[in-house]
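Hello,

Here is the structure I promised to pass on. Please open it first, then read my notes below.

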Amino acid sequence: MSNTIAVIKGDGIGPEIMDATLRVLDALGCNLDYEFVEAGLVAFEQHGTLIPAASLETIARHRVALKGPLTTPIGGGFSSINVQLRRHFDLYANLRPAISFPGTRSRYDNVDILTVRENTEGAYLSEGQSLSEDGQTALASIRTTRKGSERIIRYAFELARSKGRKKVTAVHKANIIKTSSGLFLDVAREVAQEYPEIEFEEMIVDNACMQLVMNPHQFDVIVTTNLFGDIISDLCAGLVGGLGLAPGANIGSDAAIFEAVHGSAPDIAGKNVANPCALLLAAADMLDYLDMAEKASRIRIAIRAVLESSRDRVTPDMGGSGTTDSFADALVAYCRG
Ligand code: NAI
Ligand code: MG
(Lines give C-alpha, C1' and ligand atoms only; values in the text may rest on other atoms or scores of the structure.)
(Ligands and ions follow the chains in the order given, each with its own letter.)
Protein backbone atom coordinates (compact mmCIF):
# COMPACT_ATOMS: atom_id res chain seq x y z
CA MET A 1 0.00 0.00 0.00
CA SER A 2 1.33 3.42 -0.80
CA ASN A 3 0.80 6.54 1.27
CA THR A 4 0.33 9.89 -0.38
CA ILE A 5 1.69 12.93 1.39
CA ALA A 6 1.31 16.60 0.52
CA VAL A 7 4.62 18.27 -0.29
CA ILE A 8 5.33 22.00 -0.17
CA LYS A 9 8.70 22.58 -1.77
CA GLY A 10 8.99 26.02 -0.25
CA ASP A 11 10.80 29.22 -1.16
CA GLY A 12 14.49 30.08 -1.35
CA ILE A 13 16.52 26.94 -0.60
CA GLY A 14 13.27 24.98 -0.19
CA PRO A 15 13.27 23.27 -3.61
CA GLU A 16 16.95 22.27 -3.28
CA ILE A 17 16.65 20.67 0.15
CA MET A 18 13.27 19.12 -0.73
CA ASP A 19 14.75 17.45 -3.83
CA ALA A 20 17.58 16.05 -1.70
CA THR A 21 15.10 14.82 0.91
CA LEU A 22 12.74 13.14 -1.57
CA ARG A 23 15.71 11.43 -3.25
CA VAL A 24 16.67 9.89 0.11
CA LEU A 25 13.06 8.84 0.85
CA ASP A 26 12.89 7.17 -2.57
CA ALA A 27 16.28 5.47 -2.09
CA LEU A 28 14.95 3.94 1.13
CA GLY A 29 11.97 2.50 -0.74
CA CYS A 30 9.44 4.33 1.42
CA ASN A 31 6.75 3.80 -1.20
CA LEU A 32 5.36 7.27 -0.73
CA ASP A 33 3.52 9.23 -3.39
CA TYR A 34 3.82 12.99 -3.39
CA GLU A 35 1.17 15.53 -4.23
CA PHE A 36 2.92 18.86 -4.63
CA VAL A 37 1.00 21.84 -3.33
CA GLU A 38 1.64 25.52 -3.81
CA ALA A 39 2.36 27.86 -0.95
CA GLY A 40 4.58 30.84 -0.27
CA LEU A 41 5.93 33.23 -2.87
CA VAL A 42 5.14 30.90 -5.80
CA ALA A 43 1.51 30.77 -4.75
CA PHE A 44 1.42 34.49 -4.12
CA GLU A 45 2.68 35.30 -7.62
CA GLN A 46 0.17 32.93 -9.26
CA HIS A 47 -2.90 33.28 -7.08
CA GLY A 48 -2.38 36.40 -4.97
CA THR A 49 -2.46 34.42 -1.75
CA LEU A 50 0.33 32.79 0.23
CA ILE A 51 -1.64 29.65 0.91
CA PRO A 52 -4.45 28.93 -1.59
CA ALA A 53 -7.57 27.10 -0.43
CA ALA A 54 -6.75 24.22 -2.79
CA SER A 55 -3.46 23.69 -0.96
CA LEU A 56 -5.23 23.55 2.39
CA GLU A 57 -7.69 21.04 0.94
CA THR A 58 -4.90 18.80 -0.32
CA ILE A 59 -3.17 18.83 3.06
CA ALA A 60 -6.50 18.06 4.74
CA ARG A 61 -7.08 15.15 2.35
CA HIS A 62 -3.71 13.48 2.93
CA ARG A 63 -3.44 14.58 6.59
CA VAL A 64 0.35 14.56 6.41
CA ALA A 65 2.54 17.21 4.81
CA LEU A 66 6.26 17.70 4.38
CA LYS A 67 7.00 21.38 4.10
CA GLY A 68 9.99 23.35 2.91
CA PRO A 69 10.65 26.78 4.41
CA LEU A 70 8.40 29.62 3.24
CA THR A 71 9.24 33.27 2.91
CA THR A 72 6.87 35.64 4.65
CA PRO A 73 6.98 38.90 2.67
CA ILE A 74 7.88 41.88 4.83
CA GLY A 75 5.27 44.65 4.94
CA GLY A 76 1.78 44.45 3.45
CA GLY A 77 0.41 42.98 6.68
CA PHE A 78 1.08 39.35 5.76
CA SER A 79 0.68 36.98 8.64
CA SER A 80 3.12 34.09 8.76
CA ILE A 81 1.98 31.05 6.76
CA ASN A 82 3.27 28.84 9.52
CA VAL A 83 0.99 30.52 12.01
CA GLN A 84 -1.90 30.29 9.51
CA LEU A 85 -1.34 26.55 9.03
CA ARG A 86 -1.16 25.93 12.78
CA ARG A 87 -4.45 27.78 13.27
CA HIS A 88 -6.23 26.22 10.29
CA PHE A 89 -5.41 22.63 11.27
CA ASP A 90 -5.28 23.21 15.04
CA LEU A 91 -1.75 21.78 15.13
CA TYR A 92 -1.45 22.01 18.89
CA ALA A 93 1.76 20.08 19.45
CA ASN A 94 5.09 21.40 18.19
CA LEU A 95 7.78 18.73 18.63
CA ARG A 96 11.34 19.88 18.39
CA PRO A 97 13.97 17.20 19.01
CA ALA A 98 17.59 18.25 19.63
CA ILE A 99 19.96 15.35 19.06
CA SER A 100 23.76 15.45 18.83
CA PHE A 101 25.38 14.49 15.54
CA PRO A 102 29.09 13.88 15.00
CA GLY A 103 31.36 16.52 13.55
CA THR A 104 29.05 19.47 14.21
CA ARG A 105 29.90 22.62 16.07
CA SER A 106 28.16 21.45 19.24
CA ARG A 107 29.34 21.94 22.77
CA TYR A 108 28.15 18.56 24.04
CA ASP A 109 27.96 14.97 22.83
CA ASN A 110 25.00 12.68 23.33
CA VAL A 111 22.36 15.34 23.85
CA ASP A 112 18.88 13.99 23.18
CA ILE A 113 16.17 16.40 24.31
CA LEU A 114 12.64 16.55 22.97
CA THR A 115 10.81 19.84 23.47
CA VAL A 116 7.03 19.53 23.28
CA ARG A 117 5.71 23.05 22.81
CA GLU A 118 2.08 24.12 23.07
CA ASN A 119 1.44 25.62 19.66
CA THR A 120 -1.95 27.34 19.72
CA GLU A 121 -2.36 29.58 22.76
CA GLY A 122 -0.17 31.21 25.42
CA ALA A 123 1.32 34.55 24.38
CA TYR A 124 0.83 33.98 20.64
CA LEU A 125 -2.62 35.51 20.29
CA SER A 126 -3.76 37.89 17.62
CA GLU A 127 -6.45 39.31 19.91
CA GLY A 128 -5.84 41.16 23.16
CA GLN A 129 -2.95 43.26 21.87
CA SER A 130 -3.09 47.01 22.00
CA LEU A 131 -0.98 50.11 21.87
CA SER A 132 -2.24 53.25 23.58
CA GLU A 133 -3.02 56.24 21.38
CA ASP A 134 0.02 58.13 22.61
CA GLY A 135 2.18 55.13 21.75
CA GLN A 136 3.54 54.98 25.29
CA THR A 137 1.88 51.82 26.57
CA ALA A 138 1.53 48.41 24.95
CA LEU A 139 -0.58 45.58 26.26
CA ALA A 140 -0.44 41.93 25.29
CA SER A 141 -2.39 38.99 26.63
CA ILE A 142 -1.60 35.42 27.47
CA ARG A 143 -4.33 32.80 27.30
CA THR A 144 -3.91 29.41 28.89
CA THR A 145 -6.77 26.95 29.00
CA ARG A 146 -7.14 23.77 30.98
CA LYS A 147 -8.09 21.94 27.78
CA GLY A 148 -5.11 23.31 25.85
CA SER A 149 -2.70 22.54 28.68
CA GLU A 150 -4.08 19.10 29.30
CA ARG A 151 -3.85 17.96 25.70
CA ILE A 152 -0.23 19.07 25.26
CA ILE A 153 0.90 17.69 28.62
CA ARG A 154 -0.86 14.40 27.97
CA TYR A 155 0.71 14.33 24.51
CA ALA A 156 4.17 14.71 26.09
CA PHE A 157 3.59 11.91 28.59
CA GLU A 158 2.09 9.57 25.97
CA LEU A 159 5.07 10.24 23.73
CA ALA A 160 7.48 9.59 26.60
CA ARG A 161 5.69 6.33 27.34
CA SER A 162 5.64 5.14 23.73
CA LYS A 163 9.30 6.04 23.13
CA GLY A 164 10.54 4.62 26.43
CA ARG A 165 11.68 8.00 27.67
CA LYS A 166 12.21 8.35 31.40
CA LYS A 167 11.45 11.88 32.46
CA VAL A 168 9.15 14.80 31.62
CA THR A 169 10.08 18.29 32.81
CA ALA A 170 7.32 20.92 32.86
CA VAL A 171 8.87 24.34 32.28
CA HIS A 172 6.90 27.31 33.63
CA LYS A 173 6.97 30.70 35.36
CA ALA A 174 4.18 30.06 37.85
CA ASN A 175 6.01 31.99 40.57
CA ILE A 176 5.45 35.27 38.68
CA ILE A 177 2.78 34.70 36.02
CA LYS A 178 0.59 33.07 38.62
CA THR A 179 -2.62 32.74 36.62
CA SER A 180 -1.65 31.38 33.21
CA SER A 181 1.61 29.65 34.05
CA GLY A 182 0.07 28.52 37.34
CA LEU A 183 -2.80 26.81 35.55
CA PHE A 184 -0.38 25.05 33.20
CA LEU A 185 1.67 23.80 36.15
CA ASP A 186 -1.40 22.62 38.08
CA VAL A 187 -2.54 20.60 35.08
CA ALA A 188 0.98 19.16 34.62
CA ARG A 189 1.01 17.96 38.24
CA GLU A 190 -2.38 16.32 37.80
CA VAL A 191 -1.61 14.59 34.52
CA ALA A 192 1.80 13.41 35.79
CA GLN A 193 0.05 11.29 38.43
CA GLU A 194 -1.42 9.13 35.69
CA TYR A 195 2.08 8.18 34.51
CA PRO A 196 3.81 6.85 37.64
CA GLU A 197 6.52 5.08 35.63
CA ILE A 198 7.73 8.40 34.17
CA GLU A 199 9.64 10.76 36.42
CA PHE A 200 8.02 14.19 36.60
CA GLU A 201 9.97 17.32 37.29
CA GLU A 202 8.94 20.99 37.27
CA MET A 203 11.38 23.80 36.58
CA ILE A 204 11.10 27.58 36.36
CA VAL A 205 11.99 28.74 32.86
CA ASP A 206 14.97 30.94 33.72
CA ASN A 207 16.57 28.18 35.77
CA ALA A 208 15.77 25.73 32.95
CA CYS A 209 17.78 27.87 30.51
CA MET A 210 20.78 27.90 32.83
CA GLN A 211 20.50 24.17 33.54
CA LEU A 212 20.24 23.39 29.82
CA VAL A 213 23.48 25.19 29.10
CA MET A 214 25.33 23.82 32.16
CA ASN A 215 24.11 20.23 32.14
CA PRO A 216 21.84 19.31 29.21
CA HIS A 217 22.09 15.58 29.90
CA GLN A 218 19.70 15.87 32.86
CA PHE A 219 16.84 16.57 30.41
CA ASP A 220 14.76 14.10 28.46
CA VAL A 221 11.31 15.44 27.45
CA ILE A 222 10.43 19.09 28.13
CA VAL A 223 6.81 20.22 27.96
CA THR A 224 5.98 23.90 28.05
CA THR A 225 3.80 26.76 26.87
CA ASN A 226 4.09 28.46 23.48
CA LEU A 227 6.55 31.31 24.13
CA PHE A 228 8.84 29.38 26.48
CA GLY A 229 8.82 26.46 24.03
CA ASP A 230 9.82 28.73 21.15
CA ILE A 231 12.82 30.02 23.09
CA ILE A 232 13.84 26.79 24.84
CA SER A 233 13.76 24.77 21.61
CA ASP A 234 16.09 27.22 19.85
CA LEU A 235 18.38 27.06 22.86
CA CYS A 236 18.36 23.26 22.53
CA ALA A 237 19.11 23.54 18.78
CA GLY A 238 22.10 25.68 19.74
CA LEU A 239 23.31 22.93 22.07
CA VAL A 240 23.56 20.47 19.20
CA GLY A 241 25.10 22.67 16.54
CA GLY A 242 22.43 25.06 15.33
CA LEU A 243 19.46 25.25 13.01
CA GLY A 244 21.02 23.14 10.23
CA LEU A 245 20.08 20.04 12.20
CA ALA A 246 16.81 21.14 13.77
CA PRO A 247 13.58 19.52 12.58
CA GLY A 248 10.10 20.41 13.78
CA ALA A 249 6.75 18.67 13.67
CA ASN A 250 3.38 20.39 14.04
CA ILE A 251 0.80 17.84 15.06
CA GLY A 252 -2.95 18.03 15.51
CA SER A 253 -5.76 15.53 15.75
CA ASP A 254 -6.50 15.62 12.02
CA ALA A 255 -3.25 16.67 10.35
CA ALA A 256 0.50 16.80 10.85
CA ILE A 257 3.05 19.02 9.11
CA PHE A 258 6.76 18.24 9.23
CA GLU A 259 9.36 20.89 8.45
CA ALA A 260 12.84 22.22 9.08
CA VAL A 261 13.01 24.86 11.76
CA HIS A 262 15.20 27.19 9.68
CA GLY A 263 13.89 29.62 7.07
CA SER A 264 14.22 29.95 3.31
CA ALA A 265 17.82 31.30 3.51
CA PRO A 266 17.56 33.66 0.51
CA ASP A 267 21.26 34.53 0.93
CA ILE A 268 22.32 31.06 -0.26
CA ALA A 269 19.33 30.05 -2.42
CA GLY A 270 20.21 28.53 -5.80
CA LYS A 271 23.88 28.05 -4.88
CA ASN A 272 23.72 24.32 -4.15
CA VAL A 273 25.18 24.76 -0.66
CA ALA A 274 22.07 24.44 1.53
CA ASN A 275 22.20 21.74 4.17
CA PRO A 276 19.29 19.32 3.74
CA CYS A 277 19.70 17.68 7.19
CA ALA A 278 16.99 19.51 9.09
CA LEU A 279 14.36 18.67 6.46
CA LEU A 280 15.65 15.10 6.26
CA LEU A 281 15.33 14.74 10.03
CA ALA A 282 11.80 16.18 9.75
CA ALA A 283 11.09 13.54 7.10
CA ALA A 284 12.41 10.88 9.50
CA ASP A 285 10.01 12.13 12.18
CA MET A 286 7.25 11.97 9.56
CA LEU A 287 8.11 8.32 8.83
CA ASP A 288 7.89 7.59 12.57
CA TYR A 289 4.45 9.20 12.54
CA LEU A 290 3.47 7.02 9.55
CA ASP A 291 4.59 3.87 11.45
CA MET A 292 7.73 3.45 9.37
CA ALA A 293 10.15 3.59 12.29
CA GLU A 294 12.74 1.35 10.66
CA LYS A 295 13.04 3.62 7.61
CA ALA A 296 13.11 6.65 9.90
CA SER A 297 16.03 5.31 11.85
CA ARG A 298 17.87 4.51 8.61
CA ILE A 299 17.74 8.22 7.67
CA ARG A 300 19.30 9.19 11.02
CA ILE A 301 21.94 6.47 10.71
CA ALA A 302 22.78 7.57 7.15
CA ILE A 303 23.23 11.21 8.22
CA ARG A 304 25.47 10.12 11.10
CA ALA A 305 27.54 7.89 8.81
CA VAL A 306 28.03 10.52 6.10
CA LEU A 307 28.91 13.21 8.66
CA GLU A 308 31.48 10.86 10.19
CA SER A 309 33.13 9.51 7.08
CA SER A 310 32.66 11.86 4.12
CA ARG A 311 33.42 15.42 5.12
CA ASP A 312 34.23 16.26 1.51
CA ARG A 313 30.60 15.51 0.56
CA VAL A 314 28.98 17.52 3.38
CA THR A 315 27.78 21.14 2.99
CA PRO A 316 30.02 24.04 4.13
CA ASP A 317 27.83 25.09 7.09
CA MET A 318 28.81 21.77 8.71
CA GLY A 319 32.48 22.28 7.97
CA GLY A 320 32.43 20.18 4.81
CA SER A 321 33.60 21.03 1.32
CA GLY A 322 30.66 19.54 -0.59
CA THR A 323 27.34 20.71 -2.01
CA THR A 324 23.67 19.95 -1.43
CA ASP A 325 23.87 17.50 -4.34
CA SER A 326 27.05 15.75 -3.18
CA PHE A 327 25.60 15.42 0.33
CA ALA A 328 22.40 13.94 -1.11
CA ASP A 329 24.40 11.61 -3.40
CA ALA A 330 26.36 10.31 -0.40
CA LEU A 331 23.17 9.77 1.62
CA VAL A 332 21.45 8.02 -1.29
CA ALA A 333 24.47 5.76 -1.83
CA TYR A 334 24.56 4.90 1.89
CA CYS A 335 20.81 4.13 1.94
CA ARG A 336 21.07 1.90 -1.14
CA GLY A 337 24.28 0.21 0.01
P1 NAI B 1 16.98 31.59 7.81
O2 NAI B 1 16.84 30.42 8.76
O3 NAI B 1 16.40 31.45 6.47
O4 NAI B 1 18.55 31.93 7.65
C5 NAI B 1 19.39 32.28 8.75
C6 NAI B 1 20.86 31.97 8.39
O7 NAI B 1 21.04 30.54 8.42
C8 NAI B 1 21.24 32.41 6.98
O9 NAI B 1 22.57 32.85 6.99
C10 NAI B 1 21.11 31.15 6.15
O11 NAI B 1 21.98 31.12 5.04
C12 NAI B 1 21.48 30.07 7.16
N13 NAI B 1 20.76 28.80 6.88
C14 NAI B 1 19.43 28.55 7.12
N15 NAI B 1 19.13 27.33 6.71
C16 NAI B 1 20.26 26.78 6.21
C17 NAI B 1 20.56 25.52 5.63
N18 NAI B 1 19.63 24.55 5.48
N19 NAI B 1 21.82 25.30 5.20
C20 NAI B 1 22.77 26.23 5.34
N21 NAI B 1 22.55 27.44 5.88
C22 NAI B 1 21.29 27.72 6.31
O23 NAI B 1 16.36 32.84 8.59
P24 NAI B 1 16.02 34.31 8.05
O25 NAI B 1 17.11 34.78 7.14
O26 NAI B 1 15.69 35.06 9.26
O27 NAI B 1 14.67 34.16 7.24
C28 NAI B 1 14.58 34.08 5.82
C29 NAI B 1 13.13 33.87 5.40
O30 NAI B 1 12.67 32.61 5.92
C31 NAI B 1 12.15 34.92 5.93
O32 NAI B 1 11.24 35.25 4.91
C33 NAI B 1 11.41 34.23 7.06
O34 NAI B 1 10.11 34.72 7.21
C35 NAI B 1 11.41 32.80 6.56
N36 NAI B 1 11.30 31.78 7.64
C37 NAI B 1 10.51 30.70 7.38
C38 NAI B 1 10.41 29.67 8.29
C39 NAI B 1 9.57 28.49 7.93
O40 NAI B 1 8.97 28.43 6.88
N41 NAI B 1 9.50 27.49 8.79
C42 NAI B 1 11.14 29.70 9.57
C43 NAI B 1 11.99 30.87 9.72
C44 NAI B 1 12.05 31.86 8.78
MG1 MG C 1 11.09 30.22 16.87
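**Helix 1 against helix 9**

In helix 1, the residues I17, M18, T21, V24 and L25 meet L279, L280 and A283 of helix 9. By class, this contact of helix 1 with helix 9 has seven nonpolar residues, one polar and no charged ones. One thing to keep in mind throughout: this is a predicted model.

How do the two helices sit? Helix 1 and helix 9 pack at an angle of about 45°, and their axes are 9 Å apart. Helix 1 and helix 9 are therefore oblique to each other. Their crossing, helix 1 with helix 9, is right-handed.

**Helix 1 against helix 11**

Helix 1 has another partner. Helix 1 covers residues 14-27, and helix 11 covers residues 324-336. Their axes come within 9 Å and cross at roughly 10°. That makes helix 1 roughly parallel to helix 11, because angles under 35 degrees count as such.

From helix 1, the contact is made by E16, I17, A20, R23, V24 and A27. From helix 11, it is made by T324, F327, A328, L331, V332, C335 and R336. By class, the contact of helix 1 with helix 11 has nine nonpolar, one polar and three charged residues.

**Helix 9 against helix 10**

Next, follow helix 9 to its other neighbour here. Helix 9 spans residues 277-289 and helix 10 spans residues 293-309. They pack at an angle of about 160°, with axes 7 Å apart. Helix 9 and helix 10 are therefore roughly antiparallel to each other. The crossing of helix 9 and helix 10 is left-handed.

On the helix 9 side, the residues are C277, L280, A283, A284, L287 and D288. They meet A293, K295, A296, I299, R300 and I303 in helix 10. The residues of this contact of helix 9 with helix 10 divide into nine nonpolar, no polar and three charged.

Now step back to the whole chain. The protein is divided into domain 1 (1-101 + 244-337) and domain 2 (107-239). The C-alpha centres of domain 1 and domain 2 lie 25 Å apart. In the contact, 15 residues of domain 1 touch 22 residues of domain 2.

Which element gives the most to the side of domain 1 that touches domain 2? Strand 4 (residues 93-99) does, with seven residues. The residues of that side of domain 1 divide into nine nonpolar, three polar and three charged.

**Ligand 1**

Last, the ligand. There are 21 residues around ligand 1. Of these, T71, H262, G263, A265 and N275 come nearest. The shell around ligand 1 divides into 10 nonpolar, eight polar and three charged residues.

Best wishes

How values were computed. Residues numbered from 1 in each chain as written. Chains lettered and ligands numbered in written order. Predicted model: local features only at pLDDT ≥ 70, side-chain atom pairs only at ≥ 80, totals over all residues. Axes fitted to C-alpha atoms, helices over the stretch in contact; angles between N-to-C directions. Helix = DSSP H or I, 4+ residues; strand = E, 2+ residues; numbered from the N terminus. Parallel < 35°, antiparallel > 145°, perpendicular 65-115°, else oblique. Left-handed = near helix turned anticlockwise from the far one by under 90°. Contact = placed C-beta atoms within 7 Å. Nonpolar A, V, L, I, M, F, W, Y, C, P; charged D, E, K, R; others polar. Near = placed C-beta within 6 Å. Domains from an automatic or database assignment.
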